[in-house]
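I set out to record, entry by entry, what I looked up in this structure. The notes follow the order in which I consulted it.

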Amino acid sequence: MSVLLAESLQAWWPEILLSAGALATIIAGVWAKRPGPAALTAWITLAASAAALLSAPVPPASATFFGLILCDPFSLAFRWLALGVTAVVVLLIMGSPEVPQQLRGEYLGIVLLVAVGLMLMSEATHLLVAYVSMELVSLSGYVLVGLLDDTRSAEAALKYLLFGALASGIMLFGMSLLFGLTGQLAFGDIHRAVAALDASKTAALLVAISLMLAGLAFKISMVPFHMWTPDAYEGAPIPVTALLSVGPKAAGLALLVRFMTALGPAWPSVGPLMLGLTVLTMTFGNLVALVQTNVKRLLAYSTIGQVGYLLIGFAVHSRLGLEALVVYLVAYLFMNLGVFACVIAVVHDTGSESLEAFRGLARRAPIVACCCALFLLSLAGMPPLLGFFGKFLLFGSAIKAHLPVLAFAGVINSAIALYYYVNIIRLMYLVPAVQTRALIPAFPLRLALVICAVGTLLLGLFPNTLLSLVGAVTSVNLL
Amino acid sequence: MVLSLLLACPLVGMLVILALPKTAVRAIRGVAFVATGLALIIGLQLLQGFQPQVTAIQFQEHVSWIPQLNIYYHLGVDGISMPMVLLTVLLGFLACLASTTITERHKEYFALYLLLEMGMLGTFLSLDLFLFYVFWEVVLVPMYFLIGIWGGGRREYSAFKFFVYTLAGSLAMLLGILALYFRTGTFDMIALAQTGHTFDLAFQKLLFIAFFLGFAIKVPIFPFHTWLPDAHVDAPTPISVILAGVLLKMGGYGFFRIAYPIFPAGAQAFGWLMASLGMINIVYGAFVALAQTDFKRLVAYSSVSHMGFVLLGLASLTPEGMNGAMMQMFNHGLITGGMFLLVGVLYERAHTRDLTAFGGLGARVPVYSAMLIFFSLASLGLPGLSGFVGEFLSLVGGFGAWRWQTMVSVLGVIGAAAYMLKVLQQVLLGPLNDTWKSLKDITTWELCSIVPLLLIVLALGLYPLWLLQLQDPALRQLIAHVVGH
């Protein structure tokens with residue numbers, strides 16, 4: 001037993017360090033009353049966690065933590081994603097004047113806690129851990145959205161909380177049904193139990209799965225559980241919006257994939273539903289994004305559209321789909337966080353969240369505008385950027401799985417999405433500025449911009465390294 | 001390596017320009033001239049080393065790029081791409097000379113211009129479908145900015161329309177590329193062309209349509225042509241030249257390089273469609289051009305008409321027709337490029353393109369008039385100038401295969417004479433409008449970018465064999481490949 005525990009802890013150093021570091025960061029923030037020490041603690045924590053992840057032992061043969069979590073290559077990819085998102089978001093928080101100085105320590109600490117939750121979500125192989133990790137992410141999310149001292153932030157947090165609590169409840173209900181049907185909580189056992197399940201209980205099983213899907217759909221803003229997204233995104237401080245638009249989506253999709261692997265035998269009846277929801281999600285997100293005038297709401301609907309593309313990788317239910325999903329998530333991390341970095345710079349400078357604030361940005365800040373155009377074109381799927389390559393793989397996986405309808409939907413949506421992405425580029429480059437004063441973003445923002453731009457462009461030009469890493473991730477048994 | 005060097009010229013030029021301060025206008029222009037000039041020199045050297053009788057791909061470069069998906073950085077030229085590459089480097093250099101009319105944001109303009117040239121060259125050089133698609137799309141973004149920032153009129157609308165139309169077409173093509181890849185496991189155009197005839201007819205037809213959509217919008221083929229007049233009219237002069245001279249050819253080239261060799265049965269099955277659409281393009285374009293009062297819009301619609309001959313020649317699948325189609329693409333680039341330069345010269349001085357506002361300029365600006373007469377006659381297909389050869393060959397080829405479509409198409413030739421002579425009459429003849437009393441004649445600098453085109457048009461009209469022998473062996477092989485199976 002103690003050997004197992006030691007092995008488990010060995011594999012779990014990154015999470016341990018992050019949790020401890022998160023608490024230390026909060027304390028440092030409260031104690032020092034200025035952001036310096038807290039930021040330093042956060043960076044040390046992130047570096048230590050990354051080092052631990054890098055030197056993490058080859059996944060132990062036995063299930064870590066008594067089969068509750070699984071530190072396999074699949075989760076390793078998502079743990080790196082979680083760390084990456086967190087690191088960039090920390091940069092965004094440091095560069096965002098919107099977050100008050102005295103609150104930065106708490107913000108950074110909670111963001112690190114979100115990272116722990118995200119990692120756990122991708123590792124969970126047990127309903128209990130799945131639920132607890134999702135709640136960790138959700139609760140931290142509510143706090144982050146509502147921490148600002150204004151009514152809009154409070155309203156957003158309340159909406160998010162109400163919807164989130166409802167979704168959690170529904171999911172818990174679904175889990176209890178599943179437990180009632182199978183008598184199991186661990187994913188591996190559930191898989192066997194579902195395979196052996198009586199045909200007369202299929203309907204009940206489908207109800208249980210649908211209810212659980214609803215909870216996850218809420219996390220990843222899948223239609224029809226997306227309603228909270230624009231409101232929460234609009235009210236939250238922009239760095240938090242950036243975090244919510246990438247982190248929980250990635251981890252939620254990881255959990256979804258593992259979930260459905262456990263429920264594999266039921267896929268034939270769930271598949272068509274997922275197919276429909278995928279098409280619906282991307283179409284809805286992109287169509288509604290067309291008419292937005294607030295940049296944060298626009299990006300919220302764009303996120304819903306992007307989640308639709310990501311869901312293709314899940315809905316095709318193949319190894320290539322999974323590979324495409326991970327590649328597109330990496331792309332999405334860089335391009336979406338990059339856009340948010342630009343939004344922070346613009347909103348802070350103009351004090352307006354309207355799209356009009358982007359007018360003439362090319363004159364005021366040529367490099368920011370150029371990076372922003374790069375991210376938007378990548379989101380729209382223009383080669384040779386990484387977003388294109390991800391989409392290429394996603395659409396390819398749909399065609400390979402003989403589901404051309406998904407590829408068609410994706411292609412039509414890409415054309416629709418071009419309109420609102422290019423509209424921002426048009427405002428930046430083609431429309432004269434209202435004021436001509438140069439716009440120079442804070443140093444952390446510039447750093448974030450450069451990191452995201454280099455990732456989007458270089459990985460897009462040379463995706464072979466990324467592809468071979470991802471290939472190793474998806475070739476494993478997920479249970 | 002020479003092809004990579006060719007691609008590197010504009011790319012390096014762009015990077016150097018990006019590194020220069022934006023006030024160093026002379027240096028920026030100088031770098032752009034040198035970059036496009038070097039590309040032209042390398043292009044001419046390529047021509048020197050090119051062996052037309054060898055039908056295989058020459059100057060090949062084959063480097064692994066994304067091995068997991070079997071994607072290669074694969075470049076090469078043959079008789080089909082060689083004329084297109086020459087056209088690109090030539091117009092790329094001449095339009096760069098004509099870019100002195102650009103008066104603001106030089107740094108961005110020339111950087112984007114060079115990126116555009118690299119994208120166009122890459123499209124004509126790549127032999128890997130993935131690489132082809134990347135270059136094909138790379139062209140869109142700089143074009144959007146070049147029309148949108150430096151254009152006139154409703155430039156934002158036109159630039160966006162161009163972007164959306166072309167992207168919609170390329171996305172259809174992307175699906176086709178993916179379907180092809182998962183069927184064969186390769187993106188190599190040469191390998192695909194060899195296995196193409198083994199696909200069943202339904203698959204070939206489906207994919208032919210997917211690629212057709214991508215190429216048809218670019219050519220543009222009726223009814224996908226509506227972006228063209230807007231984009232041409234609102235683009236700045238040098239960009240109109242590139243747009244008409246090179247970008248439209250990317251669509252035509254796509255048929256020669258991808259759609260016909262890889263889907264031979266599909267191409268034959270849709271021969272009637274290609275011929276009929278070619279006919280519609282020719283006649284419809286000519287009659288709409290006849291109704292225009294805006295000089296630039298008229299030239300734009302004449303492009304629609306002229307590109308119809310390419311389709312007709314392609315659909316014929318005869319050596320005459322194919323040679324005519326290919327030559328028509330080359331000629332159209334030269335002649336319409338020249339026409340747009342001349343429209344630009346007039347617009348620079350008069351600030352209007354309304355044909356009815358001119359009159360009697362023949363005596364006022366004699367050198368300009370001579371140029372305009374020359375290019376108008378070339379455009380309407382006067383024997384002895386190159387435009388005639390391409391159109392004639394296309395019609396000869398088309399007549400054997402698609403008789404009534406070709407007969408109707410001849411109406412377009414008459415239409416061309418009507419609208420071109422109308423231009424000459426309205427601009428050069430009649431009483432001189434007093435507004436233009438002090439109009440200045442064309443300058444030597446402007447002549448520099450027009451005279452080379454004039455000389456080539458004349459040379460090719462008198463001795464078309466020079467171009468025909470370059471492309472004929474490759475085209476004959478293509479026909480044998482398509483018809484043989």
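**Entry: helix 17 and helix 18, chain A**

I looked up the handedness with which helix 17 of chain A passes helix 18 of chain A, and the crossing is left-handed. I note at the outset that the model is a predicted one. The two helices pack at an angle of about 150 degrees, and their axes are 6 Å apart. An angle over 145 degrees counts as roughly antiparallel, and helix 17 of chain A and helix 18 of chain A are therefore roughly antiparallel to each other. I then listed the residues in contact: from helix 17 of chain A, A:Lys391, A:Leu394, A:Phe395, A:Ala398 and A:Ile399. They meet A:Pro404, A:Leu406, A:Ala407, A:Gly410, A:Val411 and A:Ser414 of helix 18 of chain A. By class, I recorded 8 nonpolar, 2 polar and 1 charged in this contact.

**Entry: helix 17 and helix 19, chain A**

I next turned to helix 19 (residues 443-461) of chain A, which packs with helix 17 of chain A at an angle of about 50 degrees, with the axes 7 Å apart. At that angle the pair is therefore oblique.

A:Pro383 and A:Pro384 are joined by a cis peptide bond, with omega about 0 degrees.

**Entry: contact between the chains**

How many residues does each chain bring to the contact? I found 22 residues from chain A and 24 residues from chain B. On the side of chain A that touches chain B, helix 17 (386-400), helix 18 (404-429) and helix 20 (464-474) each supply at least two residues. Helix 18 of chain A gives the most, with 8 residues. The residues of this side of chain A divide into 15 nonpolar, 5 polar and 2 charged.

**Entry: helix 14 and helix 19, chain B**

Helix 14 of chain B passes helix 19 of chain B in a left-handed crossing. Helix 14 of chain B contributes B:Leu298, B:Ser302, B:Ser305, B:Gly308 and B:Leu312 to the contact. The residues of helix 19 of chain B include B:Gln405, B:Thr406, B:Ser409, B:Gly412 and B:Tyr419. By class, this contact has 5 nonpolar, 7 polar and no charged residues.

Helix 5 (residues 104-123) of chain A has 20 residues and reaches 29 Å from its first C-alpha to its last, close to the 28 Å expected at 1.5 Å a residue. I found 19 of its 20 residues buried, so helix 5 of chain A is largely enclosed by the rest of the structure.

Helix 15 (residues 319-350) of chain B has 32 residues and reaches 45 Å, close to the 46 Å expected. Of these, 26 of the 32 residues are buried, so helix 15 of chain B is largely enclosed by the rest of the structure. Just after helix 15 of chain B, B:His351 takes a positive phi of about 55 degrees.

**Entry: individual residues**

Is A:Leu83 buried or exposed? A:Leu83 counts as buried, because 20 C-beta neighbours lie inside 10 Å. A:Leu83 is found in helix 4 (residues 73-95) of chain A. Not counting residues up to four places away in sequence, A:Leu83 touches A:Leu46, A:Ser49, A:Ala50, A:Leu53 and A:Ala115.

I checked the backbone of two loop residues of chain A as well. Most residues other than glycine have a negative phi. A:Ser221, although not a glycine, has a positive phi of about 55 degrees. A:Ser221 lies in the loop between helix 9 (202-219) and helix 10 (228-235) of chain A, and it is buried, with 29 other C-beta atoms within 10 Å. A:His317 also has a positive phi, of about 60 degrees.

Notes. Residues numbered from 1 in each chain as written. Chains lettered and ligands numbered in written order. Predicted model: local features only at pLDDT ≥ 70, side-chain atom pairs only at ≥ 80, totals over all residues. Contact = placed C-beta atoms within 7 Å. Helix = DSSP H or I, 4+ residues; strand = E, 2+ residues; numbered from the N terminus. Nonpolar A, V, L, I, M, F, W, Y, C, P; charged D, E, K, R; others polar. Expected span 1.5 Å × (residues − 1). Buried ≥ 20, exposed ≤ 12 C-beta atoms within 10 Å, placed from the backbone. Axes fitted to C-alpha atoms, helices over the stretch in contact; angles between N-to-C directions. Parallel < 35°, antiparallel > 145°, perpendicular 65-115°, else oblique. Left-handed = near helix turned anticlockwise from the far one by under 90°.
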